[in-house]
Amino acid sequence: MVSVSRHVLDARNLLCPMPVIRTQQTAATLAVGEVLEVHCTDPGALVDIPAWCRVHGHTLLDTQTHGDELVITLRIAEPSRPGC
Amino acid sequence: MIHPQRKAVALISGGLDSMLAAKLVLEQGIWVEGLNFFTGFCVEGHTHAIRHRPGQKPKRNNALWVAEQLGIRLHLVDVIEEYKDVVLNPKHGYGANLNPCIDCKSFMVAQAREWMTRNGFDFIITGEVLGQRPKSQRRDTFPIIARESGACDRLLRPLSAKLLPPTLPEAEGWVERSKLCGFSGRGRGPQIGLAAGFGFTDYAQPAGGCCFLTDRAYARKLRDLWEVRGEKSYDFDDVMLLKIGRHLRPSPRFKLIIARDQGETRYLGGYRQRFVHMWPTRHGGPLTLVQGEVSDPDLELAARITARFCKSRRAAQVRIEVVTPERGSYAMSVAPLSADEIPGKWYL
């Protein structure tokens, strides 16, 4: 069984678009297949981060709401196109 | 001989023009990716998030939405720090308010040029339309932006290309000039027609622009900040706080930021540790931040103003909880000021 690295990004108290920008910056440092868990408090992130995943081909694994906190989990995809 | 696919980077604001410009180039078989810059002054995002009400559907990020419609990648770029010099020292001055439009466009195209070079792309696309904006989208300012950004003839404006000298992508045959447009002026008809032709039925039509620096009320607050500070400077928190709440300056020494709804109260609450603050304890009402040096009479005045904006503004007395670094937390009962007792000039 291959273990997958799981990374956590604290984007709480940031307002959109900053959670997306931080997600993008962190994703750029991760390898293909690694999992990123983004913790946010801006409800807009529930729309923006999945949209950003679709645009870049990353896989949205899960979204959860715990009170005021949102946890969005995604898997990094292989960069298939020119400007990574 | 096989020609490599040419690649263009498009400035994507989330509005219709940049969407159409990118689409025109995509249609010619060019690989396109988008850039969207976050300067801190963008109307989208933060403002919507702060004033979001429970149960309300969150607003979409239009730039991401446009990228999805076009099927292109979009890179969101935080330029808050780099952008300061544009706002504080615009070489070409400000527009009607504090909008440094020519410097702003040059800055963004320059950022795109650096990205283009770093990623091996060939040219830059913008959604600029000749004559659409009084300051930056003119026949005499277009060459300035191309030159000062360093993009020069690698800057293509597909919506007005036929009215402009040919650029490198046209001269080299990477794109066919005949398939680009010759739009000019402030009318939206040609763009709406082109959008219909592409089958776009849903697109953002921001009212009043997408940048707070074009907003008269915001510019007034930013000027006030610089005047009180004695210098032109700002940080990200300044930018954010100027977007939120009612701003009243009863004295040169201090200013009040009074939340207008629950979302703003929650957001301003994040700044409580940094400012003297107060709120009505028994009557539903706003959190108020006090910026500046305040005496006891100033605090009482601030409390009376805060009481003015709570639900019991007509009550004889309203109890206000005040927190200062010197005295900690304490309560005072004050008579709310009436509307007539708040001079119009206090409102920023």
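This is a predicted model: local features need pLDDT of at least 70, side-chain atom pairs count only at pLDDT 80 or more; totals for chains, interfaces and linings use all residues.
Reader: Understood. Which residues of helix 1 of chain A meet helix 2 of chain A?

Author: A:Pro19, A:Val20, A:Thr23 and A:Gln24 do so, and on the side of helix 2 of chain A they meet A:Ala45, A:Asp48, A:Ile49 and A:Trp52.

Reader: What covers the buried residues of helix 1 of chain A?

Author: The buried residues there are A:Met18, A:Pro19, A:Val20, A:Ile21, A:Thr23 and A:Ala27. Their cover includes strand 1 (6-11), strand 2 and helix 2 of chain A, together with strand 2 and strand 3 of chain B.

Reader: Which residues of helix 2 of chain A are buried?

Author: They are A:Ala45, A:Asp48, A:Ile49, A:Ala51, A:Trp52, A:Cys53, A:Val55 and A:His56. Both chains contribute to the cover, which includes helix 1 (18-27), strand 2 (35-40), strand 3 (59-66) and strand 4 (69-75) of chain A, as well as helix 3 (62-70) and strand 3 (73-78) of chain B.

Reader: What span should helix 2 of chain A have?

Author: At 1.5 Å a residue, its twelve residues (45-56) should span 16 Å, and the end C-alpha atoms are 16 Å apart, which agrees. After helix 2 of chain A comes A:Gly57, with a positive phi near 85 degrees.

Reader: Let us turn to chain B. How many helices and strands does chain B have?

Author: Chain B has twelve helices and eleven strands. Of its 348 residues, 44% count as buried.

Reader: What is the strand order in the open sheet of five strands?

Author: The order is 3-2-1-4-5 in chain B, with parallel pairing. Strand 3 and strand 5 (155-156) of chain B each have a single partner strand, so one side of each is left without a neighbour in the sheet. Strand 2 (residues 31-38) of chain B is joined to strand 3 of chain B by six bridges, and B:Glu33 stands opposite B:Arg73 in strand 3 of chain B.

Reader: Where does helix 1 of chain B lie?

Author: Helix 1 (residues 16-26) of chain B lies across strand 1 (7-11), strand 2 and strand 4 (123-125) of chain B, and runs at about 170 degrees to strand 1 of chain B.

Reader: Now strand 8 of chain B: are its faces covered or uncovered?

Author: Both faces are covered, with B:Val276, B:Met278 and B:Pro280 buried on one side and B:His277 and B:Trp279 buried on the other. In general, the side chains of a regular strand alternate between the two faces of the sheet.

Reader: What stands opposite B:Met278 in strand 9 of chain B?

Author: That residue is B:Thr288, while in strand 10 of chain B the bridge partner of B:Met278 is B:Val322. Strand 8 of chain B runs antiparallel to strand 9 (residues 288-292) of chain B, with three bridges, and antiparallel to strand 10 (residues 318-324) of chain B, with four bridges.

Reader: Finally, is B:Thr306 buried or exposed?

Author: B:Thr306 is buried, because 28 other C-beta atoms lie within 10 Å and the cut-off is 20 or more. B:Thr306 belongs to helix 12 (residues 296-308) of chain B. Beyond its neighbours within four places in sequence, its contacts include B:Met278 and B:Thr288.

Note on methods:
Residues are numbered from 1 along each chain as its sequence is written. Chains are lettered from A and ligands numbered from 1 in the order in which they are written. Helices (H or I, at least four residues) and strands (E, at least two) are DSSP runs, numbered from the N terminus. The expected span of a helix is 1.5 Å times one less than its number of residues. A residue is buried if 20 or more other C-beta atoms lie within 10 Å of its own, exposed if 12 or fewer, and partly exposed in between; C-beta atoms are placed from the backbone. Two residues are in contact if their C-beta atoms, placed from the backbone, lie within 7 Å. Two strands pair if DSSP finds at least two bridges between them. Axes are lines fitted to C-alpha atoms, for helices over the stretch in contact, and angles run from 0 to 180 degrees between N-to-C directions.
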